Amino acid sequence: MKLQEFRKLLLITFLLPIAALLAVSAVLYWQIHLANLAVEQVQEVDEDLKLIGQTQKLILDQETGLRGFQITGDERFLAPYRNHQEPVLNNLMRYESHAATEGNTEFLERIRGLRVAYLQWKQGFADNEIQLLRAGKADRGAESNMRGKLAMDDIRRRIGQILVAEEREREQKVTAWHNQLRITRIYLLGLALIVGLAIALYTRRQLHRVSVSFQASLLAVQERADQLFDSEQRLRTTLVSIGDGVIVTDADGRVTMLNPIASDLTGWTIDEAFGRPIEQVFDIVNEESRLPVENPVAKVKRLDRVVGLANHTILLRRDGGEINIDDSGAPIRDVDGKLVGVVMVFRDVTHEKQTQRALISNERLAVAGRLAATIAHEIHNPLDSVANIVYLLRTGSYGDEERAHLLELADQELSRVTQISRAMLSLYRESRTPVPIELRETLNDLLALMAHNIHRAQVTLKQDFPTDVTVEGYPAELRQVFTNLITNAYEAAGRGGFLHLTLTALKDGAQITLLNSGPAVSPQIQEKLFQPFVSTKGEKGTGLGLWVSRGILSKHGGSITLQSPALPDGSGVRVTVTLPAKFVADVDEPEA
């Protein structure tokens, strides 16, 4: 039954007794004048009761609509709330006007107090709650709802007082009316029985309609509850079906939920992990130092934002096993924005790490292969010169001055061999911890190794290293980076081109720039150039050099950028490398 039909039913049910009384009054013509006066007085009270009753129902409908919107978030529940505001205020103004006309100050004060209480509930609680719910910030806690309940209880109390007073006045009017009708009871008895029976039959029929409508409403509510339950079950099924591990904690960092993948990766079941600190269930350390890594939950609480794991993070399983992981943590907030928990998603990247290590190892071997011929040539020439000098000293007759000159030449050639071999060894000498690195010396050693290839490629080399700059890092890894970049630069420059290397000291680090005069790199290639197996050299390149170099620089807290074209004529490529003075471990950036 719709609200409009229900109102019509109430109106008919109310007017039917009045019509019956009028019919009885027609039979008793000689009492009609006095009876009408009494009836009019009773009607006035009944109208007031009706007005207050309707007002009470409208307010209750508004409260019900608000509660429905709070529970479901469905704007349709707010229709009674919006539609009843004007009728409620109109009813209260009519009642206040009626009381003022009659000069009843007691009723006038009560109706004004009711209107003030209603506006305080609507403006101070309901409107504010609706705005917060629409903004996703409403407080669903007991304190906010208690304020609304207290305001509504005050409204009910005031309506109850008015109804009691009206009922008392009505009783007085009815008593007077009964005195007028006492003499007509005999005449009215028969007609009253007939009218009463008709009213009873009509009321029974209408109550049956209301009962049927109520049952339909119950079924609709039950259906809605079933839909909400099904929705919740689908969400749980989705969470369980996610391919990554998911752990949810409360605001104190205690585990409240694990999905099956998280249980498999950590070795903890949900029953065993529930309520435990996240550090016990999700025990992570640095792969290289074996030192504990800050837990993502603690990091989210500290930074109050979405965070990711540092590189080289290992999860220590409950059974003693170890797996490489990658994860992220995100805060869970209530409607007021307060942190109430953390959700963490992680996955096993052990196989990816193994693949990356294999690729990096292959790239290092490729670099070594490219340098092998150069090193052999660079060492062979000085050794030939030394052999010739030894032959001349052994077979010829020279004075002391000539002999000293030949020995000085031999010593210079041997020094060059020593420098080349030392640079080659340092290129692949591993260091377990970051150490100070003099970048000017490192770049000069690499250029000494590669000078023959650069000369053979007919590329003009210009180096600008005005001051030495020292940074912390892994020497072998940085030499591999600069070897890749220098090789790419002079190969791209081509015959007749040039390569310009610049070393610049920054406030807290260093910047190395490699500018070559080769063809420009298209924007489409630039977007993919730092991805694995992307190369501009065709079959001559592995497609791993720049990818590995960026990973090494990220590990050192540095960066690499590429600009092309870099020359006024639309050609050239400029590669810029920046390195911090101090090695920054566990940088939250993706690893190559």
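Is Asp304 buried, exposed or partly exposed? Asp304 counts as partly exposed, because its relative accessibility is 40%; buried means under 20% relative accessible area, exposed over 50%, and partly exposed in between, with a 1.4 Å probe and protein chains only.

**Before selecting anything else**

This is a predicted model, in which local features need pLDDT of at least 70 and side-chain atom pairs count only at pLDDT 80 or more, while totals for chains, interfaces and linings use all residues. Residues are numbered from 1 along each chain as its sequence is written, and side-chain values use heavy atoms, with hydrogens and water left out.

**The whole chain**

Show the protein chain as a cartoon: it has 16 helices and 14 strands. Helices (H or I, at least four residues) and strands (E, at least two) are DSSP runs, numbered from the N terminus. Of the 592 residues, 37% count as buried. The chain exposes about 33,100 Å², and carbon and sulfur atoms supply 56% of that area (Shrake-Rupley method with a 1.4 Å probe; for residues, only the protein chains shown count as cover). Take the contacts (heavy atoms within 4.5 Å) between residues at least 6 apart in sequence: 68% of them join residues at least 24 apart.

Phi of Asp304 is near 55°, a positive value in a residue other than glycine.

Go on to Gln458, in the loop between helix H13 (439-456) and strand S9 (460-464). Gln458 is also not a glycine and has a positive phi, near 60°. With a relative accessible area of 46%, Gln458 is partly exposed.

Then pick Ser564 and Pro565. The peptide bond from Ser564 to Pro565 is cis, with omega near 0°. Pro565 belongs to the loop between strand S13 (559-563) and strand S14 (573-580).

**The aromatic pairs**

The structure holds four aromatic pairs. Rings of Phe, Tyr and Trp (its six-membered ring) pair if their centres lie within 6.5 Å; planes under 30 degrees apart count as stacked, over 60 as edge-to-face and the rest as tilted. Select Tyr81 and Trp121, an edge-to-face pair with 6.2 Å centre to centre and 65° between the planes. Tyr81 lies in helix H3 (residues 79-102) and Trp121 in helix H4 (residues 105-134), so the pair ties together parts that are 40 residues apart in sequence. Tyr81 and Trp121 are both buried.

**Charges over rings**

A charge sits over a ring if NZ of Lys or CZ of Arg is within 6 Å of the ring centre and within 35 degrees of the ring normal. Select Arg318 with Trp268: the charged end of Arg318 sits over the ring of Trp268, 4.1 Å from its centre. Next take Lys555 with Tyr474, where the charged end of Lys555 sits over the ring, 4.5 Å from its centre.

**The nonpolar cores**

A nonpolar core is a set of buried Ala, Val, Leu, Ile, Met, Phe, Trp, Tyr and Cys residues joined through side-chain atoms within 4.5 Å. Select Leu439, Phe482, Leu485, Ile486 and Ile512, which touch the most other members of the largest core, a set of 39 residues. Elements giving two or more residues to this core include helix H14 (475-493), strand S11 (498-506) and strand S12 (509-516). H14 gives the most, with eight residues. Centre the view on Leu485: leaving aside its neighbours within four places in sequence, Leu485 is in contact with Leu514, Leu546, Ile560, Val575 and Val577. Finish at a second, separate core of 28 residues, including Leu66, Val88, Ile130 and Ala165.
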